[in-house]
Amino acid sequence: MDRIEHRGCYAGRQAAFAGASGLGLLLAFGVAVLSGCASENRETTGPGADPYAVTSSQRRTFAWPDGKRGAVSLTFDDARLSQADVGLPLLDSYGVRATFYVSPGSLQKRLPTWKQAVTDGHEIGNHSLRHPCTGNFPFAREKALEDYTLEQMERELEEANEVIETALGIRPATFAYPCGQKFVGRGRHLKSYVPLVAEMFLAGRGWMDEAANDPAFCDPAQLLGMELDGLDFDQAKKLIDAAIENGAWLVFAGHEIGDGGRQTTRIDTLKAICEYAQNPDSGLWLDTVANIGAYVRAAQ
Ligand SMILES: [Zn+2]
């Protein structure tokens, strides 16, 4: 029933976009109302209701390609050695392409592997030159975002692009905010560096966010990124299934790839996600941030 309703909503909106005349818009609105777009929101009412739940009236059918119903990107940060040693062979065995937001220093430690990853269709993205984060992290005190300027950030993002281009022969299309933090400066002088990322990249990914992206609404310059580290497959599958149900784009973010431990995406979870995506009935488009991001931006 839900599906019939939101297909109707989408058809209504398409007609609204296509209709050049006021009459066309009126007809489109009528179609939308008749098909359930204006149906009452029942799922967020009542005691104990989840205010974050997507209701049938809010759910939209985005026109994903090839009959897909939702999208997932697997992304991994910092060019950790386990990504090259364990992750890439695993992903390649399933023909799954992922996005790696590399730190220039670590990149050099497995350079031939990363070159091969590019050849195999994986995406290599920019993750800054020095990984600046808030100085509240001791590791970042000497490169604290609180002490940065936009000019310095721009110079360093450009330099990171150049390091990657020199090493791998490709120019990064997308970016991941180190620590998911998107500011420079502090207090009244704080500035967002999202506009800079919007200017330089197709997309920018956050970290430790709490939702998937609505492809019709999201700002590609600050995509929500959800933690994959530590999840078992049941936990990951719940998020994936919710994305498919809502026509959303779930961007997973992880670090190490191994059997367990701190900031580690579990091998068994990763295998199960790849297997799940291989089932054509899943309706899932599993691809890089650049590939899905380009599609989403064109559709917006
Ligand atoms: Zn990082």
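## A walk out from strand S9

Let's start on strand S9, where Trp249, Val251 and Ala253 point one way while Leu250, Phe252 and Gly254 point the other way, and all of them are buried. S9 covers residues 249-254, and with six of its six residues buried, the strand is mostly covered. Keep in mind that you're looking at a predicted model.

So what sits beside this strand? Strand S1 (residues 70-77) runs parallel to S9, and six bridges join the two. To find your place in that pairing, look for Ser73, which stands opposite Val251 in S9. Strand S8 (residues 226-227) also runs parallel to S9, joined to it by two bridges. Here the spot to look for is Met226, standing opposite Phe252 in S9.

Now turn to a pair of helices. H8 takes in residues 233-246 and H9 residues 267-278; their axes lie 9 Å apart and the helices pack at an angle of about 40°, which makes H8 oblique to H9. The crossing of H8 past H9 is right-handed. On the H8 side, Phe233, Ala236, Lys237 and Ile240 do the meeting, and their partners in H9 are Asp268, Thr269, Ala272, Ile273 and Tyr276. Sorted by class, this contact has six nonpolar residues, two charged ones and one polar one.

Finally, step back to the whole protein chain. Its secondary structure comes to ten helices and twelve strands. Of its 300 residues, 36% are buried. And among contacts between residues at least 6 apart in sequence, 70% join residues at least 24 apart.

Definitions and conventions
Residues are numbered from 1 along each chain as its sequence is written. This is a predicted model: local features need pLDDT of at least 70, side-chain atom pairs count only at pLDDT 80 or more; totals for chains, interfaces and linings use all residues. Helices (H or I, at least four residues) and strands (E, at least two) are DSSP runs, numbered from the N terminus. A residue is buried if 20 or more other C-beta atoms lie within 10 Å of its own, exposed if 12 or fewer, and partly exposed in between; C-beta atoms are placed from the backbone. Two residues are in contact if their C-beta atoms, placed from the backbone, lie within 7 Å. Axes are lines fitted to C-alpha atoms, for helices over the stretch in contact, and angles run from 0 to 180 degrees between N-to-C directions. Angles under 35 degrees count as roughly parallel, over 145 as roughly antiparallel, 65 to 115 as roughly perpendicular and the rest as oblique. A crossing is left-handed if the near helix is turned anticlockwise from the far one by less than a right angle, and right-handed if clockwise. Ala, Val, Leu, Ile, Met, Phe, Trp, Tyr, Cys and Pro count as nonpolar, Asp, Glu, Lys and Arg as charged, and the others, Gly among them, as polar. Two strands pair if DSSP finds at least two bridges between them.
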